[in-house]
Amino acid sequence: MSSAPGMVRNATAIGLASLAIGLLAQFLFVDAALGINVPIATAALIGAGWMVRDRSTPRPRWPDAWLAPGALTLSIFVALRGDGTLVTLDILGAMALSGAALVSFGGLGVLERPVAGVVALAGRLAVSGVIAGKRPLAAMMGAVPLLRRRTGGGHVAPILRGLLIAAPLVILFVILFASADAVFARIAGDLLNWHLDLGSLPGRIAWTFVVAWLAAGLLMFVARGEDRGIDPRAVAAWEGRGRLGSAEAVTVLVVLDLLFAGFVALQAAYLFGGRDTLEAGGLTYADYARHGFFELLGAAFVVGGLVLAMETFVRSRTRAYLAATIGLVALTLAVLASAFLRLRLYQDAYGWTELRFYVLAAIIWLAFGALMAIIAVATHRTRWLLHGMLVVSVVFGMAFNIIGPVRFIADQNIERALHPELIAPGGKAALDLFYLASLGDDAVSAIADNVCTLPGGLGRDASAALKNHVVELANDHSGKAWQAWNLSRERARDVRLVTICLLSER
């Protein structure tokens, strides 16, 4: 066990590291758009966690070794992609993986735990971030000689402490007076050569304090490196949970199997039967596929939750239970195939949107989950099913960043406008360039690359959309800071300016 002086020194180091992270955060993010500041901040937090970890605890287990690199990779994509939805997903993923990496630095295994244990660890980390920041920050303040009451120095130390306390108050009142009186502001500005901004300083101070407090709590969790375990009463309550009889479970599953089998048979007769089958019934493919994929997607999610619930509460896993469960998941795969086909038909008729892209991704993600569920149920390993889905989710996130969803959407819709023969019968060839431009810099770059090949009115709309975006970028001062550097934003700005010049000469 660490000695008291050692614990104080460690808390002081954590306080200093947290304060540095807080100052770095306000420097990186205040008045700056998201860009390269995100990977810098992520690297700083992960690096600080690695430095303050208890050296006596084992290094992260091999299943957790990828968490920190995964968090850094997702954060780097924020500085590369110009897609609002994708950037949001990258940030959320980087935050989740960073938290998991910090937990692993504390000597606690993450992915080797069941889902309930992972959720419990996440809760403990969050609570530590909120309430555990006081100790390291107080230790850091106490380590500064001028802030301790009983120090040497005669009459000098109290005066210095008084000046240190008065300094922020003087700055605050100077800003207030300068904002209230133009003459005072000019004199203060001449004397200090400062740009006095009442709106910026309080926000920066608050931002620094909040980030430092949260960082201190997270780093304290890492440094403690201890597993308090799970409350025995909670373990006993879980072990004594109610159970569902095998007969009841099989009955539920068989009834659902029959319902799903009937629906799949209907799909085989109509949707999977070809265009002639639908036309014989007085329907077009686009009309038939116009609705349904959201509902079918919801049905697949419900089946996933049902299977996990059954695996958790069923009393015994008989052969009939296993067969009925695997059968339901297999039929769900057929339902997902129906949703996939409906969405594809709708996209062929009306083009791509961001929502349709992510619905398609969700269908494919659920299909992977269904295949994994069949294997997990058959091999009695459903407790690891959600872990596998987490890994698949990270892989999907990486794939999204490689593909570039909004760039893909823009390219596909522009291709439809240039080649109307690609549009399915009964579909529409409308190209909403202003919608595409609103999706982000990746989509705007695609418009700029194709603007000279678009016919007539579409070319004029493309030019107008590009000019509007140039004006928005010119007025977006937060995007011009170096902390906000983003590859897609810079590349799109250069391409747009050149393209608009070419259009003006055409």
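This note covers helix α4, its residue Ser 104, and the loop residue Gln 483.

1. The model is predicted; local features need pLDDT of at least 70, side-chain atom pairs count only at pLDDT 80 or more, and totals for chains, interfaces and linings use all residues. Residues are numbered from 1 along each chain as its sequence is written, and side-chain values use heavy atoms, without hydrogens or water.

2. Start with α4, residues 84-105. Helices here are DSSP runs of H or I, at least four residues, numbered from the N terminus. α4 has 22 residues and spans 31 Å from first C-alpha to last. That is close to the 32 Å expected at 1.5 Å a residue, taken as 1.5 Å times one less than the number of residues.

3. Look at both ends. Asp 83 caps the N-terminal end of α4. One of its side-chain oxygens lies 3.2 Å from the backbone nitrogen of Thr 85. After α4 comes Gly 107, with a positive phi near 90°.

4. Ser 104 sits within α4. Its relative accessible area is 2%, so Ser 104 is buried (under 20% relative accessible area, 1.4 Å probe, protein chains only). A polar atom of its side chain lies 2.6 Å from the backbone oxygen of Ala 101. Beyond neighbours within four places in sequence, Ser 104 is in contact (heavy atoms within 4.5 Å) with Pro 60, Asp 64 and Val 110.

5. Gln 483 lies in the loop between α21 (456-475) and α22 (487-505). Gln 483 is also buried, at 9%. Again leaving aside neighbours within four places, Gln 483 is in contact with Phe 27, Leu 28, Ala 32, Ala 33, Gly 35, Ile 36 and Asn 37.

Notes:
Helices (H or I, at least four residues) and strands (E, at least two) are DSSP runs, numbered from the N terminus. Buried means under 20% relative accessible area, exposed over 50%, partly exposed in between (1.4 Å probe, protein chains only). A polar contact is a pair of N or O atoms within 3.5 Å; within protein, one must be able to donate a hydrogen and the other to accept it, and residues adjacent in sequence count only if both atoms are side-chain atoms.
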